[in-house]
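Me: I've got a structure open and would like to talk it through. Can we go over it piece by piece?

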Amino acid sequence: MKIPATDRRARTLTQNLLLVSSGVLVLSLAAIAPHSIAQSLSPVQLPPPAQSPQPSPPAIDSDHDGLNDDLEQSLLIQFTPKFLVSSHDCSNIPAEFEPGDSTPLVKSENGTIYGQVFPAKDPIDGAPAAEMHYYHLWRVDCGPHGHLLDTEHVSVLVQGSNPDLASATWKALYWYAAAHENTVCDVSQIAHASTLHAENSGPSVWISPGKHASYLNQALCQKGCGADRCESMTALAPAKLVNLGEASHPMNGSTFIASSAWPLAAKMTATNFPPSVLARLNQLPDSEIVWFNAGKHPKQGIIAISSTTGRDALGGLNTAANDTDNSLSIADDSTSNALQKSYRHTRHALGASVRHVGKALGIHKHPDINPDQQPAPPQPPADAKSPPPNAKTP
Ligand SMILES: [Ca+2]
Ligand SMILES: [Ca+2]
């Protein structure tokens with residue numbers, strides 16, 4: 001029987017479609033089948049899909065401060081401090097607050113740390129710099145004169161290796177810890193990052209139970225103001241690290257920043273590294289942790305004398321002998337190279353009282369030896385990480 005030409009064309013078209021469909025089916029199976037099955041179905045290895053160049057998405061700067069979100073988060077992660085909290089804290093651990101609510105409402109006490117990153121006002125030595133704040137926000141301050149909500153933080157000033165922010169590596173220069181900030185009891189501290197062994201990552205930070213003051217050294221906690229005691233401390237389990245953005249442009253739903261229920265916005269808009277304080281710190285040996293507000297407390301001022309230069313030490317010798325002894329004996333528990341340096345300063349400064357100091361350090365075994373012939377202080381253990389607790393005011 002003769003098949004009309006139109007029927008032949010239709011039949012051929014149908015056969016071609018079936019072939020194409022089979023091919024699609026094979027390719028589809030090859031795409032979804034495990035590798036071995038795909039190989040059995042495909043006698044010839046398929047070339048990899050062509051890579052069309054994808055333009056990188058534009059950097060997002062949600063809080064409009066000139067640093068993109070990815071860089072901010074990466075810096076926050078790199079320098080997150082190792083917070084230590086007390087098992088006796090009646091407020092448990094830092095809280096997460098309800099995003100999107102203009103009132104700070106506790107969502108969960110889960111150890112959330114809130115971060116902030118913004119460009120420093122001026123470059124440092126021609127390189128870009130950024131200031132970062134790490135906030136531990138609490139349901140309640142349950143120390144003396146307690147109150148609902150507690151807004152505490154530590155800060156770091158970091159410097160980029162070159163002006164290209166995307167490729168720069170970052171190093172911490174200074175750390176700040178707020179302790180009873182802006183009160184008559186203010187014992188906030190500042191130190192070189194190198195002193196804390198925290199140039200490339202975060203330092204240990206001790207948080208006093210109840211009041212939640214932050215300390216860059218455990219012994220300083222007891223040297224603070226009031227009833228601070230950093231005892232029964234445990235590492236805060238990392239929960240969330242949430243970028244707050246900036247006070248003018250909150251990120252991640254942090255609209256509670258502006259609430260008058262706490263001073264968060266004020267802390268976010270202030271620098272913790274003003275030039276005058278950095279200048280004071282830089283006049284001192286790298287070994288020291290310094291009070292941010294000099295001279296607020298006579299007791300702290302006297303203690304600081306213990307490890308400072310000769311003239312200051314002699315000036316305070318008559319009244320500071322006991323405190324000198326005490327402050328250095330505490331340092332014995334946190335041995336470091338810096339401690340040795342402090343000890344040498346103290347030894348020369350205090351003259352006859354050095355025997356007392358040496359005894360406190362456990363390195364003066366022979367009371368009849370001339371102080372200038374003292375053996376070298378013992379070497380710290382290789383893994384010593386604690387900075388000296390000798391916070392001082394110049
Ligand atoms: Ca930004
Ligand atoms: Ca920011």
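Predicted model: local features only at pLDDT ≥ 70, side-chain atom pairs only at ≥ 80, totals over all residues.

Me: How many helices and strands does the protein have?
Reply: Ten helices and 15 strands.

Me: What share of the residues is buried?
Reply: Buried residues make up 38% of the 394 residues.

Me: And the contacts, what fraction join residues at least 24 apart?
Reply: 64%, counted among contacts between residues at least 6 apart in sequence.

Me: On to the sheets. What is the strand order in the seven-stranded one?
Reply: The order is β12-β4-β5-β6-β7-β8-β15. The sheet is open and its pairing is mixed.

Me: Which strands stand at the edges there, and why is one side of each left without a neighbour?
Reply: The edges are β12 (241-243) and β15 (289-291). Each has a single partner strand, so one side of each lacks a neighbour in the sheet.

Me: What's the average twist?
Reply: From one strand to the next, the twist averages 30°.

Me: Let's zoom in on β7. Mostly covered or mostly open?
Reply: Mostly covered. Strand β7 spans residues 170-177, and six of its eight residues are buried.

Me: How does β7 pair with β6?
Reply: Antiparallel, over seven bridges. Strand β6 covers residues 147-160. Val154 has Ala177 in β7 as its bridge partner.

Me: Is β8 covered on one face or both?
Reply: On both. Gln189 and Ala191 are buried on one side, Ile190 and His192 on the other.

Me: What does β8 do with β15?
Reply: The two run antiparallel and are joined by three bridges. Gln189 stands opposite Trp291 in β15.

Me: Pick Tyr174. What does it touch?
Reply: Leaving out residues up to four places away in sequence, Tyr174 touches Val156, Leu157, Ile190, Ala191, His192, Ala193, Phe273 and Leu278.

Me: Now the helix. Which strands does α3 lie across?
Reply: Helix α3 (residues 69-78) lies across β4 (113-119), β5 (129-141), β6, β7 and β12. It runs at about 145° to β12.

Me: Which residues of α3 are buried?
Reply: Glu72, Leu75 and Leu76. Seen down the axis of α3, they fall within an arc of 100°, so they line one face of the helix.

Me: What covers them?
Reply: The cover includes β4, β5, β6, β7 and β12.

Me: And what's on the face of α3 turned away from the buried side?
Reply: The exposed residues Asp70 and Ile77 are carried there.

Me: Why does Asp65 count as partly exposed?
Reply: Because it has 17 C-beta neighbours inside 10 Å.

Me: What is Asp65 in contact with?
Reply: Phe118, Pro119 and Glu246, leaving aside its neighbours within four places in sequence.

Me: How far is Asp65 from Pro119, in sequence and in space?
Reply: They are 54 residues apart in sequence and 7.2 Å apart in space, C-alpha to C-alpha.

Me: Last one: the four-stranded sheet. What's the order?
Reply: β10-β9-β1-β11, an open sheet with mixed pairing. The edge strands are β10 (214-215) and β11 (233-235), and each pairs on one side only.

Me: In what sense do β1 and β9 pair?
Reply: Parallel, over three bridges. Strand β1 covers residues 82-86 and β9 covers residues 204-207. Lys82 has Ser204 in β9 as its bridge partner.

Note on methods. Residues numbered from 1 in each chain as written. Chains lettered and ligands numbered in written order. Buried ≥ 20, exposed ≤ 12 C-beta atoms within 10 Å, placed from the backbone. Pairing = 2+ DSSP bridges. Contact = placed C-beta atoms within 7 Å. Axes fitted to C-alpha atoms, helices over the stretch in contact; angles between N-to-C directions. Arc of directions from axis to C-beta.
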